[in-house]
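Here is a short report for someone meeting this structure for the first time. Look at the fold as a whole, then at single residues.

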Amino acid sequence: MGNTSTQSPVLVIPCSGIGKVHGLMSREATYLVTDECAAGRTDTLCLALLVKGDPDAVAAVRSHACITIDGCAKACAEKNVAMAGGRVARAVQVAEAFKNHRGAKPGNATALTDDGWVIAREIAASVACEAASLSDAGEVIR
Ligand code: SF4
């Protein structure tokens with residue numbers, strides 16, 4: 001996981017949905033973006049640091065474009081980034097991605113199936129694309 005002094009232009013921040021497959025998918029999609037699809041131009045940080053008001057984490061979301069990936073409509077990552085004064089350039093919800101995969105069996109809270117990885121990779125590809133646009137547009141630092 002990234003740290004809060006990142007120099008990467010775009011922060012991808014997953015929710016902390018423990019105990020739900022959608023939460024696991026938000027984290028795995030994030031790692032696919034930061035470690036593979038958009039490595040070098042993205043980084044992540046721990047949502048819990050923001051929730052507790054860690055100064056470095058707050059400064060990071062205020063100085064970088066943020067893409068949040070939430071497991072469900074409660075949108076914990078999106079809301080906490082916004083509450084910390086960060087700029088949410090795009091908010092993704094894993095549950096939305098299932099609309100194109102009716103009947104998919106993604107796995108459980110600890111492991112994804114092939115279906116789950118297919119959806120996580122789709123989310124990651126979309127987020128990486130958005131991160132590239134933000135980065136190329138030069139609009140990532142306020
Ligand atoms: S967005 Fe949904 S899955 Fe993620 S932490 Fe919040 S309640 Fe849990």
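What share of the contacts in the protein with a separation of 6 or more comes from residues 24 or more positions apart? The share is 68%. Contact here means heavy atoms within 4.5 Å.

This is a predicted model, in which local features need pLDDT of at least 70, side-chain atom pairs count only at pLDDT 80 or more, and totals for chains, interfaces and linings use all residues. Residues are numbered from 1 along each chain as its sequence is written, and side-chain values use heavy atoms, with hydrogens and water left out.

## Overall fold

The protein has 6 helices and 4 strands. Both are DSSP runs, numbered from the N terminus: helices are H or I with at least four residues, strands are E with at least two. Along the sequence the order is β-α-β-α-α-β-α-β-α-α.

The C-alpha atoms fill a box of roughly 40 × 30 × 20 Å along the principal axes. The radius of gyration is 14 Å, which agrees with the value near 14 Å for a compact globule of 142 residues. That radius is taken over C-alpha atoms, and the globule rule is 2.2 Å times the number of residues to the power 0.38.

Of the 142 residues, 45% count as buried. Buried means under 20% relative accessible area, exposed means over 50%, and partly exposed lies in between (1.4 Å probe, protein chains only). The protein exposes about 6,900 Å², with 51% of this supplied by carbon and sulfur atoms. These areas come from the Shrake-Rupley method with a 1.4 Å probe.

Charge comes next. There are 14 positive and 15 negative side chains, and the centres of the two sets lie 7 Å apart. Lys and Arg count as positive, Asp and Glu as negative; His and the chain ends are not counted.

## Helix α1 and its cover

Helix α1 spans residues 21-37. Its buried residues include Val21, Leu24, Met25, Ala29, Leu32 and Val33. Gly23, Ser26, Arg27, Thr30 and Thr34 are also buried. What covers them? The cover includes the strands β1 (10-14), β2 (42-43) and β3 (65-70). The helices α5 (94-97) and α6 (114-137) are also part of it.

Pro14 sits in strand β1. Pro14 is buried, at 6% relative accessible area. Leaving out residues up to four places away in sequence, Pro14 touches Ser26, Arg27 and Thr30, among others. Its partners also include Thr44, Leu45, Leu47, Ile69 and Ala77. Pro14 and Cys76 are 62 residues apart along the chain, yet their C-alpha atoms are separated by 8.8 Å.

## Cysteines

How many disulfides does a search of the whole structure find? It finds 0. A disulfide would be a pair of cysteine sulfur atoms within 2.5 Å. For Cys66, the nearest cysteine sulfur is that of Cys46, 14 Å away. Is Cys66 buried or exposed? Cys66 is buried, because its relative accessible area is 0%. Cys72 is partly exposed, at 27%.

## Loops and a helix site

Ala75 lies in the loop between β3 and α4. Its phi is near 50°, a positive value in a residue other than glycine. Ala75 counts as buried, at 4% relative accessibility.

Helix α4 covers residues 76-83 and holds Lys79. Lys79 counts as partly exposed, with 47% relative accessibility.

Gly85 is in the loop between α4 and β4 (87-93). Its relative accessibility is 26%, so Gly85 counts as partly exposed. Gly103 is in the loop between α5 and α6. Gly103 is exposed, because its relative accessible area is 62%.

| Pair | Apart in sequence | C-alpha to C-alpha |
|---|---|---|
| Lys79 and His101 | 22 residues | 26 Å |
| Gly85 and Ala65 | 20 residues | 11 Å |
| Gly103 and Asp115 | 12 residues | 9.7 Å |

How values were computed:
Charge placed at Lys NZ, Arg CZ, Asp CG, Glu CD.
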